[in-house]
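Hi,

Here's the structure I promised to pass along.

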Protein chains: 2
Amino acid sequence: MPKGIPSATVSRLVIYLRVLTDLESEGVSRASSDHLAAEANVSAFQVRKDLAYFGSFGTRGSGYTVATLKNELRRILGLTRPWRVIIVGMGRLGQALAAYPQLDQYDFKLVAGVDVDASKVGSLIGDLPVHHLDDLHELVAEQTVDIAFLAVPVDAAQAATDALVRAGVPGILNFVPTVVTVPAHVTVESVDFLAGLKRLAYFLQVAPHDGEREAAAG
Amino acid sequence: MPKGIPSATVSRLVIYLRVLTDLESEGVSRASSDHLAAEANVSAFQVRKDLAYFGSFGTRGSGYTVATLKNELRRILGLTRPWRVIIVGMGRLGQALAAYPQLDQYDFKLVAGVDVDASKVGSLIGDLPVHHLDDLHELVAEQTVDIAFLAVPVDAAQAATDALVRAGVPGILNFVPTVVTVPAHVTVESVDFLAGLKRLAYFLQVAPHDGEREAAAG
């Protein structure tokens, strides 16, 4: 696997994979870089450049085989192996994540929840046994945890992150709207739903005004 | 406001705004397009091209004034006006969203929740009065709702979306991991936390193996 791939390329690979999955479900078997580019809102040159980091996938003039490229991207993105996940913070957000469908679509396996609330620790929430944060080290070692979903209150985010780092969890998906800092050997990705909300505000602002909107709807 | 701006440009404007907000909080008052580009993981040419859609913001040789460009981006993205928001689906996810901090940072104002569960309708969840989905039309008209957060079960997503469209809600932020279809005058943005999770899987896959990781941690 090549190193030093730009982060923006990785984001686009995720988008290409989604586009290819949609195309396959629509029964499309071949796609050109123009086609992928249009669906992903980038240039065809960008598509070819992003894919070229990982080898040669297309055939000049006839484009890509959708199923093959999809499977290559799944492999490149690390989605063909299982990942063991804990949820840290079993409040409303943690519980919503525990019930989130489609996690198992890519072999993300939820193994436990973690909280500090005595009324939750030792119980099952959904199918997940809830452990105390103080027992994180044993949990991570026994369950060989790869990824933690961080869903604690803002004030607790950095302390919980530090505990995850000490326990040896290599990856954190941060749902808390704050920046957490980790040493270089730990990877954090943040889920920022405010980004989607800001995009939405932009598109609503440039959309027709209310009168036009009602006319369009009527 | 110019129309026909590429969707990918809008996504990058959101990233530039976050970078500028961080820079301002760090006391940085001026930034070059190279600096913005490095922080946003794109080329400096891309930064200049994206901003050029909206006018001329920088000075050749001395870059951008952070506070000014930040405020311009807030205005361009529609974040200087209030937006009235309802949450459709007051289960665990809806309740987590109702409690999400920082929504008011940009004048997103939660005005109500919507559900079909008789035990919730008519009650307050947090500060939000919960209305029945059947009363959506009156709610949207009385509260002049701009945006709905869609947080219903997958099976209910399209029917709830159709109800929002009929009631005249112009914008939907979709938290449900399924595609919903709307007429052209309605805008949908989807929050896909699996995208962040796939990026994380990629970076973990290319990271040092366990032995190296423990050496690095130790």
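Below is what I found, starting with how to read it.

It's a predicted model, so to speak: local features need pLDDT of at least 70, side-chain atom pairs count only at pLDDT 80 or more, and totals for chains, interfaces and linings use all residues. Residues are numbered from 1 along each chain as its sequence is written, while chains are lettered from A and ligands numbered from 1 in the order in which they are written.

The two chains: A can be laid on B with an RMSD of 0.0 Å by a turn of 180 degrees and a shift of 0.1 Å along the axis (least-squares superposition on C-alpha atoms of residues with pLDDT of at least 70 in both). That's the relation of a two-fold axis. In chain A, Arg92(A) has the C-alpha nearest that axis, at 2.7 Å.

In chain B, seven strands make an open, mixed sheet, ordered E5-E6-E4-E3-E7-E8-E9 (strands are DSSP runs of E, at least two residues, helices runs of H or I, at least four, both numbered from the N terminus; strands pair if DSSP finds at least two bridges between them). Its edges are E5 (124–125) and E9 (187–190) of chain B, each pairing on one side only. E7 (147–150) and E8 (171–174) of chain B pair in the parallel sense over four bridges, with Leu150(B) opposite Asn174(B).

Over in chain A, helix H3 (44–52) has Val47(A), Asp50(A) and Leu51(A) buried (20 or more other C-beta atoms within 10 Å of the residue's own, C-beta atoms being placed from the backbone; exposed is 12 or fewer, partly exposed in between). Phe45(A) and Ala52(A), on the other side of H3(A), are exposed.

Cheers
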